[in-house]
Amino acid sequence: MTAPARKVCMLGDFGVGKTSLVARYMRNTFSDTYLTTVGVKVDSKEVDLGEPGVLKLVVWDIAGRSVLDALNMSYLRGASGLLLVADGTREASLRTAIDLLLQSRSVLADAEAVLIINKLDLVERWEVGPSTLAGLRQTMPVIETSALSGDGVEQAFLELAKRLAR
Amino acid sequence: MSDFERLRHLLLADERDKLATAEQRIIELERVNRELAAQLPGLVRAAPAEPMSRALASPVAAALGNAVQRNRASIVDALFPVIGPIIRKAIAEALRGMMRDLNQVLEHGFSPRGMRWRIEAWRSGVPFAQIVLKHSLRYQIDHVFLIERDSGLVLHRESAPGLPDLDADAIAGMLTAIAQFVRDSVGGEGTESLEAVRIGEHLLWVLDGPRASLACFIRGVPPASLRVVLSDRLEQIHAQFPDAAGDTLDDESIARLGLSANLEPAALVAASSALGDADAGSRKRPSLWPLLLIGLAIVLALGWYFLHIARWNERVEALQAGLRAHPGFLLTAIDARPWRQLRVHGLLDADAEPLQPLLDRADLGEVQPSVEVAGYLSSDDAIVLKRARRLLDAPASVSLGVADGVLVVSGEAAGEWIDRRRTQAAWIAGVRAVDWQVLATADSPKIMPVARPASVSVDAQAAARDALHALVAEIEQASLSFSHDTVPLAASGDLLRHLATSLREAQSLAAVAGVRLHLAIHGCSDATGAAELNARLREQRAGWLRDNLRNAGVATELLDEATLVTAADATAAIRAAMLRVQVVEVTR
């Protein structure tokens with residue numbers, strides 16, 4: 001029996017480390033050049049959730065931008081989950097991630113969302129304060145990650161997979 | 001040292017030291033540079049390959065570009081040993097491909113298999129090229145993906161056995177993304193969608209349904225019927241698609257939809273092949289009636305044509321047989337175009353019956369036969385008999401007959417007639433021998449041709465005149481032919497002797513008839529050669545005949561009075577000499 005699959009879209013500002021996160025966690029079936037040409041790169045990963053079984057995440061890494069155009073909106077169609085990625089060292093990227101979440105709601109009203117604050121390895125330079133993070137955690141799961149060291153990366157995908165498996 | 005020098009030394013001591021140091025450094029740098037040029041190859045070799053090649057890539061490319069622009073000939077010369085083999089290899093590959101195609105064409109065109117395919121094409125009404133494609137196409141379906149249209153998730157997939165595993169979900173996702181990208185780039189949200197992608201021998205077909213798309217990864221050239229089969233399968237799936245299928249189909253749904261069986265690559269190929277055959281079979285077979293009618297018309301036309309030609313040939317052969325059997329006519333050729341034209345060529349004796357009645361009886365339809373004949377003397381017995389009758393003018397009491405060239409003259413006749421004709425009979429053309437069985441009647445005194453008495457009867461005189469005229473006619477018929485100049489033909493000796501005898505006899509008859517003879521000796525020439533030369537030739541030939549007649553015993557006075565006619569005569573353009581005899585009344 002094949003594992004059930006869920007489409008997950010990864011959104012975030014330019015340079016927040018989305019592609020690095022995917023590279024750290026996924027199979028890397030396709031080249032990164034698709035990001036600059038088609039504007040998206042698709043990859044997949046099977047996540048073992050234990051009791052519920054295995055869930056396959058098909059992750060659409062959408063090229064970084066602050067506003068979703070019509071093409072990006074079409075890429076979002078059919079997605080069950082969203083991975084919002086922000087750079088802890090750039091508070092503006094957090095605002096962009098929230099904006100993108102709000103924009104995507106017009107297409108994905110019920111999609112599960114997980115916020116990733118990346119670049120944990122540069123935590124001493126973070127502009128995003130703990131109070132902000134605490135406030136955000138009240139509305140959605142927030143996970144700090146480091147694409148460089150790999151800290152929190154698997155946890156972030158696992159968290160989304162668990163929510164999708166419900 | 002002067003004060004000035006000392007002052008300068010004190011003031012510029014530091015600068016001088018610096019200058020010396022700088023000079024020393026320049027000298028050192030120049031030395032290092034000189035040594036660096038020698039050490040550079042070794043340093044380049046010793047350097048790590050990757051950073052060195054990265055560092056050199058850009059300047060080397062720029063240098064190569066400059067070199068191509070400035071010194072193209074040197075670059076071409078340097079690359080020549082490389083370019084030659086590459087071109088030869090490309091040409092060899094192209095030729096191999098062409099030979100392969102040619103072999104395939106020949107194989108399909110003339111082999112038993114090709115003939116079988118031709119018959120199949122004729123029987124099924126399918127173009128031959130399509131039959132060849134049907135039998136020679138080799139394609140394989142590698143993967144079939146049933147993809148949820150919005151999410152791009154794979155609902156179900158089937159792959160041919162033995163292929164390496166692939167990330168179907170990622171591929172389906174990228175395919176969906178690219179299709180959306182293409183649609184967004186060229187057509188917006190219209191109904192247009194990506195239908196096919198081809199790279200080399202790999203082909204990707206995408207068939208869109210309302211909820212799911214079917215992506216078929218193919219190698220080779222598939223028939224059009226495969227797309228029909230795929231469309232059919234997609235419609236079947238949509239007809240039974242669960243309302244809430246979600247992003248994947250469970251095993252129960254897959255079994256209910258029969259996806260494994262319906263989308264299995266081998267099953268799709270088989271269904272496509274069956275559909276192609278059924279399509280060919282259901283195609284209306286072309287009616288044979290027009291072909292049969294055309295064939296019948298051709299057979300009838302050919303039959304009529306050959307019958308027509310056979311009838312013509314039969315009639316021409318009958319005419320030919322009639323012409324060959326016609327006495328006094330020698331058939332040389334017949335030019336015929338069936339039912340259009342007929343021309344008869346041959347030789348006709350003056351005493352022969354005319355050919356026209358024979359041609360009229362040939363029944364050649366609208367064709368009016370034309371005749372082209374030249375004169376000749378026939379040795380046919382019937383013609384020789386007619387000639388003898390005309391020349392001998394035999395009385396009713398004398399009967400003539402010719403058998404195998406022998407002229408038989410029998411009966412009774414006046415002695416005068418006998419005297420005149422007996423000699424003449426032997427000279428008739430075609431007469432080989434004369435069997436003379438004529439008895440002289442008692443009341444007819446025999447005329448003696450020579451030593452004619454001074455006074456002769458009127459009857460004898462008239463008879464002599466008649467004989468003379470006949471003899472003159474015969475003399476004038478004779479023509480002495482020359483091979484060239486004044487060299488006579490071999491047969492001319494006999495003719496000359498005969499002419500001399502006839503002239504002597506004519507003189508005798510003239511004496512009896514009371515007339516006198518005057519000769520005109522004609523010299524003739526053909527038109528070949530210069531006019532002056534021909535005139536001399538004519539004169540020489542006339543003189544030759546006169547001299548030789550004299551030698552043969554003809555009276556000198558007759559020849560001395562003779563007129564030599566040497567004028568050019570268009571009607572006698574032959575190499576010959578001949579006589580014209582004028583009978584002159586003697587006035588008393």
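This is a predicted model: local features need pLDDT of at least 70, side-chain atom pairs count only at pLDDT 80 or more; totals for chains, interfaces and linings use all residues.

Before anything else, a term I needed: helices are DSSP runs of H or I with at least four residues, numbered from the N terminus.

**Entry: a helix in chain B**

I picked helix 17 of chain B, which covers residues 492-513. I wanted to know whether its length fits its residue count. At 1.5 Å a residue, the 22 residues should span 32 Å. I found the end C-alpha atoms 30 Å apart, which agrees.

**Entry: positive phi without glycine**

I noted the general rule that most residues other than glycine have a negative phi. Then I looked for residues that go against it. K119(A) has a phi near 70°, a positive value, and is not a glycine. K119(A) sits in the loop between strand 5 (112-118) and helix 5 (130-137) of chain A. I looked up its accessibility too: K119(A) is at 23%, so it counts as partly exposed.

The phi of W339(B) is positive, about 60°, although W339(B) is not a glycine. I located W339(B) in the loop between strand 6 (329-337) and strand 7 (341-348) of chain B.

**Entry: chain A as a whole**

How many helices and strands does chain A have? I got 6 helices and 6 strands. Read from the N terminus, the order is β-α-α-β-β-α-β-α-β-α-β-α. Chain A has 166 residues, and 52% of them count as buried. I also checked the contacts in chain A with a separation of 6 or more: 69% of them come from residues 24 or more positions apart.

**Entry: where the two chains touch**

I turned to the contact between the chains next. Chain A puts in 25 residues and chain B puts in 19 residues. Which residues of chain A lose the most area to chain B? They are W60(A), L71(A) and R77(A), and together they make up 24% of what that side buries. For the two chains together I wrote down a buried area of about 1900 Å², with 61% of it on carbon and sulfur atoms.

Then I went looking for charges. Between chain A and chain B the count is 2 salt bridges. In one of them, R77(A) meets D150(B) through their side chains, at 3.6 Å from N to O.

Which parts of chain A supply at least two residues each to the side that touches chain B? I listed strand 1 (5-12), helix 2 (33-37), strand 2 (40-48), strand 3 (54-62) and helix 3 (70-76). Strand 2 of chain A gives the most, with 5 residues. By type, the residues on the side of chain A that touches chain B are 12 nonpolar, 6 polar and 7 charged.

**Entry: salt bridges elsewhere**

Over all chains, I got a count of 29 salt bridges. I looked at a few.

E159(A) pairs with R163(A), with the closest N and O atoms 3.0 Å apart. Both belong to helix 6 (residues 153-165) of chain A, and being 4 residues apart there, they are separated by about one helical turn. E159(A) is partly exposed at 23%, and R163(A) is partly exposed at 22%.

In chain B, the side chains of R149(B) and D208(B) form a salt bridge at 4.0 Å, N to O. What does this pair tie together? R149(B) is in the loop between strand 1 (139-148) and strand 2 (154-159) of chain B, while D208(B) is in strand 4 (residues 202-208), so the pair links parts that are 59 residues apart in sequence. R149(B) is partly exposed at 30%, and D208(B) is partly exposed at 29%.

Another pair in chain B is D232(B) with R233(B), at 4.0 Å from N to O. Buried or exposed, where does R233(B) fall? R233(B) is buried, with a relative accessible area of 12%, whereas D232(B) is partly exposed at 33%.

Last, I noted a network: salt bridges with shared partners join D13(A), D87(A), R90(A) and K119(A). K119(A) is also the residue from my phi entry.

Methods:
Residues are numbered from 1 along each chain as its sequence is written. Chains are lettered from A and ligands numbered from 1 in the order in which they are written. Side-chain values use heavy atoms; hydrogens and water are left out. Contact means heavy atoms within 4.5 Å. Buried area is the accessible area (1.4 Å probe) that two parts lose on being put together, summed over both. Ala, Val, Leu, Ile, Met, Phe, Trp, Tyr, Cys and Pro count as nonpolar, Asp, Glu, Lys and Arg as charged, and the others, Gly among them, as polar. The expected span of a helix is 1.5 Å times one less than its number of residues. Buried means under 20% relative accessible area, exposed over 50%, partly exposed in between (1.4 Å probe, protein chains only).
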